[in-house]
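Here are my notes on this one, point by point. Have the structure open while you read, and look up each residue as it comes along.

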Amino acid sequence: MTTRPGRRAFALAILLTTTPALASDEPDTIIFALMSGKCSTLKVAGRDFACRAVAFFQTEEGRANFTVALDDPSDGSHTITFSGDNGRRPEANLYELPIDRMLLKSKDRPKADGLPIPSVELTAGLCKQIGNFVTLEVSSISCTASDKNGKTYELQYQSDGAPMAVRRIKRTRVGRPAVSPFDDVK
């Protein structure tokens with residue numbers, strides 16, 4: 001997908017955009033994972049793209065996100081995020097995340113602190129992650145989502161076998177714990 005410096009720059013950009021300022025009402029990111037591999041399929045509203053990187057992050061409120069940096073020569077800040085709540089782990093090597101919105105960022109979006117503000121598209125869909133975040137080994141991620149206007153979003157990602165780079169950013173607040181793919185299933 002990218003060279004190591006490119007992956008590090010993507011990780012830094014995602015961390016900056018997923019960790020809101022202290023004064024914000026948005027929940028903070030508590031965990032971030034950068035994966036190494038390739039996208040065999042990446043479709044955004046009917047257009048095919050290649051990807052530069054794939055990452056996962058989860059907020060303290062439990063919202064989980066699979067973010068993809070598009071390999072778009074005309075837009076270095078083009079990303080999409082499959083976002084949802086109420087993820088579940090029916091098996092140790094399977095995490096399912098119902099998708100209820102897509103976050104779309106591009107160079108043409110309004111900016112805050114120099115970074116694009118995402119367009120939010122309400123959708124219905126599902127992401128399935130095969131593998132185990134606890135052992136840092138994810139073999140594949142597949143996501144599909146559609147909005148009310150019929151636009152579809154699709155991701156088929158395969159790991160190259162390298163361990164993920166995982167950062168725990170913050171502990172969660174007291175309250176109902178969210179299901180995370182990083183939880184060890186007993």
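1. Let's begin with a pair of cysteines: C127 and C143 form a disulfide, with 2.0 Å between their sulfur atoms. The word disulfide here means a pair of cysteine sulfur atoms within 2.5 Å. C127 sits in strand β11 (residues 119-132) and C143 in strand β12 (residues 137-147), so the pair ties together parts that are 16 residues apart in sequence. Strands are DSSP runs of E with at least two residues, and they are numbered from the N terminus. The torsion about the S-S bond of C127 and C143 is about 115 degrees, so this disulfide is right-handed.

2. A quick word on where this comes from. The model is predicted, so local features need pLDDT of at least 70 and side-chain atom pairs count only at pLDDT 80 or more, while totals for chains, interfaces and linings use all residues. Residues are numbered from 1 along each chain as its sequence is written, and side-chain values use heavy atoms, leaving out hydrogens and water.

3. Are C127 and C143 buried or exposed? C127 is buried, at 0% relative accessibility, and C143 is buried too, at 1%. Buried means under 20% relative accessible area, exposed means over 50%, and partly exposed is in between (1.4 Å probe, protein chains only).

4. How many disulfides are there by this rule? The count comes to 2. C39 and C51 make a disulfide as well, with an S to S distance of 2.1 Å. C39 belongs to strand β2 and C51 to strand β4 (residues 51-59), so this bond ties together parts that are 12 residues apart in sequence. Its torsion about the S-S bond is about 100 degrees, so the disulfide of C39 and C51 is right-handed. Both C39 and C51 are buried. If you number the bonded cysteines of the protein chain in sequence order, the pairing reads 1-2, 3-4.

5. Now find S36, in the loop between β1 (29-35) and β2 (37-44). With a relative accessible area of 13%, S36 is buried. Its side chain makes a polar contact of 2.5 Å with the side chain of D160. A polar contact is a pair of N or O atoms within 3.5 Å; within protein, one must be able to donate a hydrogen and the other to accept it, and residues adjacent in sequence count only if both atoms are side-chain atoms.

6. Last stop: β7 (residues 88-91) and β8 (residues 94-105) pair in the antiparallel sense over 2 bridges. Two strands pair if DSSP finds at least two bridges between them. A hairpin through 2 residues joins β7 to β8, and E91 stands opposite L94 in β8.

Definitions and conventions:
Helix = DSSP H or I, 4+ residues; strand = E, 2+ residues; numbered from the N terminus.
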